[in-house]
Amino acid sequence: VPAISLEKVSKTYRSGQVTTTAVESIDLEIRQGEFFSLLGPSGCGKTTTMRMIAGFEEPTSGVVRLSGKDVTGVPPNRRDVNMVFQSYALFPHMTVAENVAFGLKRKKVPAAEIRTRVAEMLELVELGDRAKYKPRQLSGGQQQRVALARALVNRPSALLLDEPLGALDLKLRQAMQLELKRIQREVGITFVYVTHDQSEALTMSDRIAVMNKGRIEQLGTPAQIYETPATRFVAGFIGTSNILTGTAQRVSDTLVRIDYGGDQHVLANTPQQMSDSGLVITVRPEKIRLGKDVPDANVSRIRGTVREVVYLGATTHYTVRTVDDTDIVVFQQNSSDASNLADHGDTVWLSWRPEHSY
Ligand code: ADP
Ligand code: MG
């Protein structure tokens with residue numbers, strides 16, 4: 001049984017004459033114990049989806065199930081999930097330990113058990129030595145960990161986190177990403193994580209649902225989403241992509257070609273987005289080879305002029321302008337023998353295999 005499932009869930013907000021469809025017919029199954037992320041730009045419906053799982057909103061239509069049970073009409077405090085918000089919402093007058101103990105006290109858990117569980121949780125989030133501090137005496141990252149401990153101490157079967165690291169600076173955020181992942185692995189409960197930050201989702205998730213305008217565009221592992229984006233939106237939103245367009249000809253059952261003249265062409269295995277305006281092809285910068293020699297005809301090959309060279313230590317990023325004025329970005333790994341492949345102003349060939357066009 002999935003930990004959480006959404007069946008054709010929609011949410012429309014009405015205020016006066018204005019209606020906003022925040023979520024449109026989402027189908028989703030989140031497995032027991034997985035780290036699942038909802039990823040998408042601001043306003044795409046992530047928070048609304050979370051609030052419907054937590055019970056702060058009811059769907060306009062569709063069904064939310066927790067461990068297989070329809071929870072329509074069940075209030076948030078009677079659902080076996082807990083939510084952590086970006087604003088940590090700690091009680092300022094209570095100590096760290098009292099903040100974490102709060103929910104257990106309300107549930108009349110015996111005092112000895114509360115002490116044990118709070119101590120365990122503070123160990124888990126590495127704040128064992130801060131039990132007697134007040135929230136204001138802690139850093140942002142530490143306050144976030146207290147909020148996490150407070151949510152986990154109730155032993156919910158799922159934890160919902162809505163952009164919980166948004167208020168932290170980059171370095172701390174990256175450290176906390178790994179920390180959250182470690183904690184999730186240790187406690188083994190289902191995490192549903194909302195973020196608009198693609199690298200955050202790729203770093204932490206077992207699976208990701210990429211959302212756009214209230215819908216799920218693609219659901220898969222980080223590698224699936226990065227390597228084989230299902231739509232142009234996903235390709236553009238995750239990582240860096242080069243986009244090429246043109247009129248395509250079918251070469252065989254499995255291969256199409258866009259000709260650019262002068263021995264230049266792009267080959268693609270499975271054209272997903274054939275339309276009247278032609279074929280749209282995306283290719284990742286790290287899949288492209290850059291060189292001075294003419295590549296074989298059985299790979300995509302395009303000539304261009306180097307416009308920009310950015311040396312970044314492990315990699316070099318080249319921007320190459322093609323004859324039809326398209327800029328293509330190429331990431332090359334640097335090794336001792338292959339560094340400095342080309343300089344500004346050089347004419348180069350770019351090539352990549354058909355399976356890397358999509
Ligand atoms: P995200 O979390 O991805 O940024 P939200 O779920 O917060 O997106 O919002 C999705 C859409 O629904 C947005 O257009 C937002 O303006 C709208 N929306 C969210 N909450 C409400 C509300 N309570 N009333 C009216 N519109 C809302
Ligand atoms: Mg939001």
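## Helices and sheets in a predicted model

Helix 2 passes helix 3 in a right-handed crossing (left-handed if the near helix is turned anticlockwise from the far one by less than a right angle, right-handed if clockwise). Helices (H or I, at least four residues) and strands (E, at least two) are DSSP runs, numbered from the N terminus.

This is a predicted model: local features need pLDDT of at least 70, side-chain atom pairs count only at pLDDT 80 or more, and totals for chains, interfaces and linings use all residues. Residues are numbered from 1 along each chain as its sequence is written, while chains are lettered from A and ligands numbered from 1 in the order in which they are written.

**The helix pair.** Helix 2 spans residues 96–106 and helix 3 spans residues 111–124. They pack at an angle of about 130°, with axes 10 Å apart. Axes are lines fitted to C-alpha atoms, for helices over the stretch in contact, and angles run from 0 to 180 degrees between N-to-C directions. That angle makes helix 2 oblique to helix 3 (under 35 degrees is roughly parallel, over 145 roughly antiparallel, 65 to 115 roughly perpendicular, the rest oblique). Helix 2 brings Ala-97, Val-100, Ala-101, Leu-104 and Lys-105 to the contact; helix 3 brings Ile-114, Arg-117, Val-118, Met-121 and Leu-122. Residues are in contact if their C-beta atoms, placed from the backbone, lie within 7 Å. By class, the contact has eight nonpolar, no polar and two charged residues. Ala, Val, Leu, Ile, Met, Phe, Trp, Tyr, Cys and Pro count as nonpolar, Asp, Glu, Lys and Arg as charged, and the others, Gly among them, as polar.

**The sheets.** Strands of a sheet pair through backbone hydrogen bonds, either parallel or antiparallel. Two strands pair if DSSP finds at least two bridges between them.

| Open sheet | Strand order | Pairing |
|---|---|---|
| Six strands | 6-7-8-3-9-10 | mixed |
| Four strands | 2-1-4-5 | antiparallel |

In the six-strand sheet, the edge strands are strand 6 (81–84) and strand 10 (215–220). The twist there averages 20° from one strand to the next. Five bridges join strand 3 (residues 35–39) to strand 8 (residues 190–195), and the two run parallel. Leu-39 stands opposite Thr-195 in strand 8. Helix 4 (residues 140–152) lies across strand 6 and strand 7 (158–162), at about 170° to strand 6.

In the four-strand sheet, strand 2 (18–30) and strand 5 (69–70) are the edges. Strand 1 (residues 4–15) and strand 4 (residues 61–66) pair in the antiparallel sense over five bridges. Glu-7 stands opposite Val-63 in strand 4.

Technical notes:
Two residues are in contact if their C-beta atoms, placed from the backbone, lie within 7 Å.
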